[in-house]
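Q: Could you walk me through this one while I have the sequence and the 3D view open? I'll ask as I go.

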Amino acid sequence: MMIVGDMRQEDIWNAEAARRYDTPGIGMFAPEVLGPTVDRLAELAGGGRALEFAIGTGRVAVPLAQRGVPVTGIELSRPMIDQLRTKVDEATIPVVVGDMATAEAPGKYSLVYLVYNTISNLLTQAEQVACFRNAARHLTPGGRFVVELGVPALRKLPPGQQAVVWRNEPGYIGLDTYDVLRQHLISHHIRFDESGQVRLSRGPHRYIWPSELDLMAQLAGFELESRHADWLGSEFTAESDSHVSVYRIPPDRAEP
Ligand SMILES: C[S@@+](CC[C@H](N)C(=O)[O-])C[C@H]1O[C@@H](n2cnc3c(N)ncnc32)[C@H](O)[C@@H]1O
């Protein structure tokens, strides 16, 4: 049986993880990944302020702020924030230390965004719903909540199989183990160095089907404005393994 209860986000996103997180120019930091992400978020902010839930080391927030969008963050891990602080100061990108399901950042925003599968770091449905409600609380009428999330790879799991290898390349294996009863998975990142030494990091997730995500949004007062397969606006299809979903508070909503 897979146990996720003993893996705390605070322990996973520790000083070592924060030190290794940034890979300037490659992987999730590659210009072809970050460029379209920042372009789309700047467009969706519509000239207003943005709030990033789980801002991390500022992979997205730093270039978005450089684009002229005022960005604030909420983040649980102090080591990740320390890494962000090597790039920008508190006046440029203020960060509230706390849980994105409950923490409050000052003011109202036209955009809240939560990228790179991070909503699934909340391990219960109740916390995920609370996260949507917290996003809604921070938005002005007409404001948007953008979620980037993988589609659970359940179609790749034949009966009796519990793991899916989603990447296998020299020096790296990415493997997810599933607990379909609890709707949990653990992502395993297995890295081999030149001497053959292995480094393993793991992270627990509660995976979410897009329709369940839409229902969480609805509970928090959002409407689905768009869903695409990526930041460039590619069509979302049955074969898509990820999506960028844009939820909107109706412009005529009364201020809470
Ligand atoms: C995959 S990283 C993403 C960081 C950044 N958003 C990015 O795109 O590079 C996940 C981040 O989520 C943070 N995190 C996990 N659970 C959180 C929670 N409940 N509230 C706030 N931050 C959380 C972790 O500390 C970590 O910095």
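Q: To begin with, where is Ala54 placed?
A: This is a predicted model, and in it Ala54 belongs to the loop between β1 (50-53) and α4. Its phi is near 60°, a positive value in a residue other than glycine.

Q: Which residues are closest to the ligand?
A: The closest are Tyr21, Glu52, Ala54, Arg59 and Glu75, out of 20 residues that surround the ligand.

Q: How far is a polar side-chain atom of Tyr21 from an oxygen atom of the ligand? And what about Arg59 and Glu75?
A: For Tyr21, a polar side-chain atom lies 2.6 Å from an oxygen atom of the ligand, and for Arg59 the corresponding distance to a ligand oxygen is 2.9 Å. In the case of Glu75, an N or O atom of the side chain is 2.5 Å from an oxygen atom of the ligand.

Q: Staying with Glu75, is the strand it sits in, β2, covered on one face or both?
A: Both faces of β2 are covered, with Val71, Gly73 and Glu75 buried on one side and Thr72 and Ile74 buried on the other. Five of the five residues of β2 are buried, so the strand is largely enclosed by the rest of the structure.

Q: How do β1 and β2 run, parallel or antiparallel?
A: They run parallel and are joined by four bridges. Within this pair, Phe53 stands opposite Ile74 of β2.

Q: Now helix α5: which of its residues are buried?
A: In α5, which covers residues 78-85, the buried residues are Met80, Ile81 and Leu84. Seen down the helix axis, they fall within an arc of 100°, so they line one face of α5.

Q: What do those buried residues pack against, and what is on the face turned away from them?
A: The buried residues of α5 pack against α2 (15-21), α4 (61-66), β2 (71-75) and β3 (95-97), while the face turned away from the buried side carries the exposed residues Arg78 and Asp82.

Q: What does the side chain of Ser77 reach to at the start of α5?
A: A side-chain oxygen of Ser77 comes to within 3.1 Å of the backbone nitrogen of Met80 there.

Q: Changing topic, in what order do the strands of the open sheet come?
A: The order is β6-β7-β8-β9, four strands in an open sheet with antiparallel pairing. The edges are taken by β6 (163-169) and β9 (198-206), each of which has a single partner strand, so one side of each is left without a neighbour in the sheet. On average, neighbouring strands of this sheet are turned by 15° against each other, direction ignored.

Q: How many bridges join β6 to β7, and which residues stand opposite each other in β7?
A: Six bridges join β6 to β7, the latter made of residues 172-179, and the two strands run antiparallel. Arg167 stands opposite Gly174 in β7, and Val164 is placed opposite Asp176 of that strand.

Q: Which residue takes a positive phi in that hairpin?
A: That is Gly171, with a positive phi near 85°, in the hairpin of β6 and β7, where two residues come between the strands.

Q: And Tyr116, where is that found, and what is its phi?
A: Tyr116 is found in the loop between β4 (109-114) and α6 (125-138), and its phi is near 55°, again a positive value in a residue other than glycine. With a relative accessible area of 35%, Tyr116 is partly exposed.

Q: One more region: is Thr37 buried or exposed?
A: Thr37, which has its place in helix α3 (residues 31-45), is buried, with a relative accessible area of 3%. Not counting residues up to four places away in sequence, Thr37 touches Val60 and Trp231.

Q: How far apart are the C-alpha atoms of Thr37 and Val244?
A: They are separated by 9.8 Å, although the two residues are 207 residues apart along the chain.

Q: Which residues is Ser226 in contact with?
A: Leaving aside neighbours within four places in sequence, Ser226 is in contact with Arg40, Val244, Ser245 and Val246. Ser226 has its place in strand β10 (residues 223-228) and is buried, with a relative accessible area of 15%.

Note on methods
Residues are numbered from 1 along each chain as its sequence is written. This is a predicted model: local features need pLDDT of at least 70, side-chain atom pairs count only at pLDDT 80 or more; totals for chains, interfaces and linings use all residues. Side-chain values use heavy atoms; hydrogens and water are left out. Buried means under 20% relative accessible area, exposed over 50%, partly exposed in between (1.4 Å probe, protein chains only). Contact means heavy atoms within 4.5 Å. Two strands pair if DSSP finds at least two bridges between them. Axes are lines fitted to C-alpha atoms, for helices over the stretch in contact, and angles run from 0 to 180 degrees between N-to-C directions. The arc is that of the directions from the helix axis to the C-beta atoms. A polar contact is a pair of N or O atoms within 3.5 Å; within protein, one must be able to donate a hydrogen and the other to accept it, and residues adjacent in sequence count only if both atoms are side-chain atoms. A residue is near a molecule or strand if one of its heavy atoms lies within 4 Å of it.
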